[in-house]
Amino acid sequence: MASTLCLVLLVLCSLSMAQGQVKVFNLRASDLPSNLLATTDGYVKVFYNLSALGKTSIRKNDKNPWWEEEFIYINALENYNLTLKVYDNDVVFDDLLGVCQRKIKQGTHQHDCFLEKGGTLHYSYTLG
Ligand SMILES: *[C@@H]1O[C@H](CO)[C@@H](O)[C@H](O)[C@H]1NC(C)=O
Ligand SMILES: *[C@@H]1O[C@H](CO)[C@@H](O)[C@H](O)[C@H]1NC(C)=O
């Protein structure tokens, strides 16, 4: 019984040591593609390990948008996935422009991610 408790506490302790807050910020994009007729109305959805942290506002008719929203997950673990999905808002359906996924690491990092359908997403995150 006592040894089980020890084991549980050990696991909890090592979990909490590797845990931290992840903050995603400074989201912007450049050269987002536009359809022939439609404008580019970009927004970004942010996920940590499959849980949705939220999405930015839609920047209408802007191929080089930036977003002021920040996204926070309190008990984030190193090496879990941070995923950002960039969409173009449309009347009929929203077009997925690209997915940016990487394993988070301690510290502050800035990344440029090339989107499958064109353009680049720039973002920063801090874990710790
Ligand atoms: C990651 O997501 C899976 C599936 O939803 C969940 O079971 C797991 O506890 C999550 N892990 C962390 C560290 O958030
Ligand atoms: C991160 O994403 C990759 C690719 O989708 C997946 O194979 C991997 O299991 C994910 N890692 C975690 C810790 O969820």
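1. T83 is buried, at a relative accessible area of 9% (buried means under 20%, exposed over 50%, partly exposed in between; 1.4 Å probe, protein chains only). The residue is found in strand β6, residues 81–88 (strands are DSSP runs of E, at least two residues, numbered from the N terminus).

2. This is a predicted model, in which local features need pLDDT of at least 70 and side-chain atom pairs count only at pLDDT 80 or more, while totals for chains, interfaces and linings use all residues. Residues are numbered from 1 along each chain as its sequence is written, chains are lettered from A and ligands numbered from 1 in the order in which they are written, and side-chain values use heavy atoms, with hydrogens and water left out.

3. Not counting residues up to four places away in sequence, T83 touches K45, V46, F47, V99, C100 and Q101 (contact: heavy atoms within 4.5 Å). With Q101, the side chain of T83 also makes a polar contact of 3.0 Å (a pair of N or O atoms within 3.5 Å; within protein, one must be able to donate a hydrogen and the other to accept it, and residues adjacent in sequence count only if both atoms are side-chain atoms).

4. Q101 also belongs to the surroundings of ligand 2, together with N49, N79, Y80 and N81 (a heavy atom within 4 Å). A side-chain N or O atom of Q101 lies 3.2 Å from an oxygen atom of ligand 2.

5. K45 has K55 in β3 as its bridge partner. Strands β2 (residues 42–48) and β3 (residues 51–55) run antiparallel, joined by 4 bridges (pairing requires at least two DSSP bridges). The two strands form a hairpin with 2 residues between them, and N49 in the turn has a positive phi of about 45°.
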